[in-house]
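Welcome, and please open your viewer. We will take a short tour together, stop by stop.

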Amino acid sequence: MQDRILPPAKAVQNTHCTAQDYAALHARSLSDPDGFWADQARRIDWDRFPTRIAGWSYDPVDISWFEDGILNLCFNCVDRHLPSRADQVAILWEGDEPGVARTLTYAGLYAEVVRMANCLKELGATKGDRVTLYMPMIPEAAVAMLACARIGAVHSVVFGGFSPDALRGRIDDCASRFVITADGGMRGGKLVPLKANVDEALEGSAVQSVIVVRHCGNAVAMSEGRDHWYDTLGATVPDTCPCEPMNAEDPLFILYTSGSTGKPKGVLHTTGGYAVWTATTFHYVFDYRDGEIFWCTADVGWVTGHSYVVYGPLANGATTLMYEGVPNYPDCSRNWDMVERHKVDIFYTAPTAIRALMREGAAPVKKHDRSSLRLLGTVGEPINPEAWRWYYETVGDSRCPVVDTWWQTETGGIMITTLPGAHAMKPGSAGLPFFGIAPELVDAGGNVLEGAASGNLCIARSWPGQMRTVYGDHERFVQTYFTAYRGKYFTGDGCRRDEDGYYWITGRVDDVLNVSGHRLGTAEVESALVLHPKVAEAAVVGYPHDIKGQGIYCYVTLIAGEEASEALETELKQLVRHEIGPIATPDLLHFTPALPKTRSGKIMRRILRKIAENEFATLGDTSTLADPGLVDSLIEGRRNT
Ligand code: WT7
């Protein structure tokens with residue numbers, strides 16, 4: 001089979017960016033970044049257009065873009081579209097049950113955002129306050145984000161699948177005094193008790209106000225003085241609310257993400273650079289044309305939902321589809337059923353979802369009319385060529401280009417991708433750097449590799465959408481991203497560049513797992529496991545998993561005198577779910593009398609990884625182990641189910 005697929009002819013018509021355009025724009029973005037980004041910044045309406053464009057240093061680390069610009073991102077996503085698009089659908093929502101739908105036009109979105117913003121103000125929220133959102137995938141989630149942006153409050157969205165403990169940690173870390181949630185959310189026919197989780201998370205906390213959106217109608221407890229129904233509170237607030245003028249470098253949001261050590265860190269994004277980055281990438285990568293229906297399946301609890309369900313599409317005046325539920329409810333044709341009914345033009349999802357649907361065969365896809373589709377996208381993890389081909393051929397009928405977009409919570413938006421009208425696609429490769437992006441492959445010694453090579457993926461220069469700091473811990477920001485390779489941003493990913501300059505991401509090279517496109521730190525899972533009184537030590541690694549990409553493999557040692565059992569295994573899985581959330585549930589638990597350690601007591605994770613991956617032949621040097629004999633018993637005890 002060919003490994004280079006040219007963009008289908010139709011994709012090249014009227015494209016925003018041809019191959020020639022890409023070459024010229026990318027060259028200029030590197031030779032004249034100030035000029036290039038000043039031009040792109042015109043996608044945004046500014047109260048004061050910036051005169052200073054790039055202002056960053058990686059050594060010492062200090063990043064700013066559009067530093068003297070003043071803008072409001074809510075204005076850019078909502079108000080400025082009113083003269084031309086008041087009656088155009090901004091948010092097209094479908095609930096968990098097929099056919100349950102709601103639309104918000106730009107005028108309707110404006111009214112709701114103003115209402116929510118005034119509710120926040122009424123409760124005393126002002127510029128700079130952190131507001132935690134713990135929401136189902138309903139329009140009010142986007143409304144709440146935009147309302148925060150409108151008044152200059154900093155939102156921190158916590159994925160509704162995280163446990164009360166995880167929620168509490170994130171509320172405490174940024175000292176949020178405000179929470180916006182809903183009574184509940186529906187996923188696959190099941191109720192997620194969001195408000196009850198909030199109540200548990202807030203026991204003894206300093207949160208002063210909770211706004212509760214009525215959605216499922218499930219019974220909830222309301223704490224007098226603290227909890228407010230959105231419909232009641234919102235009924236009496238004024239129907240106008242000015243947009244707070246924000247400096248380009250004022251914080252827009254915090255989003256917690258897992259690292260290789262310690263607690264999840266609060267990735268901080270600021271206003272101007274993020275606005276320009278999401279608006280520009282959305283325009284070019286999805287080649288968006290006026291009037292099209294754009295569907296990104298990500299939850300707003302992840303960065304993909306921030307950038308490509310909410311900010312990128314709305315800044316471009318697009319119609320963004322928001323779906324509450326899951327792809328296999330009521331059955332595995334749901335996505336295609338929705339594509340048919342809503343005439344979706346652009347569909348953006350994760351490889352794990354594609355692999356799961358691929359298993360069900362072509363019939364659920366083929367029974368729905370997908371002729372509205374023009375472009376397909378993937379994000380979150382490397383896509384195996386087989387899944388890529390199925391997506392391209394079966395879902396897209398070999399008609400729709402596929403963009404495989406590599407990026408991270410930290411990068412704010414897409415960094416490496418092909419552009420649909422400009423580049424040939426290579427199944428499994430993310431493609432080429434977006435404008436302004438200068439990737440470098442670096443070997444362990446810090447040498448920059450040229451031409452076709454494999455190494456650790458760094459980015460040599462700043463780009464507008466880059467995170468600015470770890471909330472409350474700038475030192476951790478510097479340590480995590482700028483210390484391994486001084487003067488460069490280190491992504492944590494391994495990567496190969498081929499002879500055509502295409503990038504092939506090989507996955508994380510640190511102790512971060514990517515489970516169904518969700519990021520998890522091995523340290524977080526370990527911390528949860530050792531909370532159990534019978535557990536002495538735990539070491540968690542990833543292993544290849546057909547659907548999830550990576551599965552969670554846990555080595556556990558018990559304290560002396562305790563016995564392994566199926567009941568204990570179940571308890572430990574429950575414990576992790578309870579501490580972090582269902583996405584962190586261990587796939588395989590391996591009880592072992594000891595962990596392989598060096599004589600100085602350091603756990604040799606490399607060996608644990610190899611065993612979990614069934615790569616017994618390439619364990620490498622085991623002679624430095626305190627107890628080399630342990631390896632055989634670990635191999636023997638390797639869990640498969
Ligand atoms: C990590 C970032 C960006 C939104 C979703 C994930 C992996 C992401 C790709 C891709 C190969 C990918 C990387 C990256 N990743 N997209 N197209 N091909 N790998 O955001 O949770 O911050 O995770 O996801 O390993 O470092 P995130």
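What volume does the largest cavity have? The largest cavity has a volume of about 110 Å³. Before you look for it, note that this is a predicted model, in which local features need pLDDT of at least 70, side-chain atom pairs count only at pLDDT 80 or more, and totals for chains, interfaces and linings use all residues. Residues are numbered from 1 along each chain as its sequence is written, and side-chain values use heavy atoms, with hydrogens and water left out.

**Stop 1: the largest cavity**

Select Met135, Pro136, Met137, Arg187 and Asp299, which lie nearest the centre of the largest cavity among its 13 lining residues. On a 1 Å grid over the protein atoms alone, a cavity is a set of points where a 1.4 Å probe fits but cannot get out, and lining residues have an atom within 4 Å of a point. Grid points are joined across faces, edges and corners, and a volume is the space filled by probe spheres set on the points. Now colour strand S9 (residues 185-187), which gives the most to this lining, with 3 residues. The lining of the largest cavity has 7 nonpolar, 3 polar and 3 charged residues (Ala, Val, Leu, Ile, Met, Phe, Trp, Tyr, Cys and Pro count as nonpolar, Asp, Glu, Lys and Arg as charged, and the others, Gly among them, as polar). In the whole structure, a search finds 5 cavities of 30 Å³ or more.

**Stop 2: Glu140**

Next, select Glu140 in helix H7 (residues 139-151). Helices (H or I, at least four residues) and strands (E, at least two) are DSSP runs, numbered from the N terminus. Is Glu140 buried or exposed? Glu140 is buried, with a relative accessible area of 9% (buried means under 20%, exposed over 50%, partly exposed in between, with a 1.4 Å probe and protein chains only). Show its neighbours too: leaving aside residues up to four places away in sequence, Glu140 touches Arg102, Met116, Met135, Val213 and Tyr230 (contact means heavy atoms within 4.5 Å).

**Stop 3**

Where does the second largest pocket lie? Both domains give residues to its lining, so the second largest pocket lies between them. A pocket is an open set of grid points with protein on both sides within 12 Å along at least five of seven lines. This one holds about 370 Å³ of space. Select Ala166, Arg170, Lys263, Pro264 and Glu524, the closest to its centre of the 16 lining residues. Helix H8 (164-173) and helix H18 (522-529) each supply at least two lining residues, and H8 gives the most, with 5 residues.

**Stop 4: Pro533**

Pro533 counts as exposed, at 67% relative accessibility.

**Last stop: zoom out**

Show everything: the protein has 21 helices and 33 strands. Of its 641 residues, 61% count as buried.

Conventions. Domains from an automatic or database assignment.
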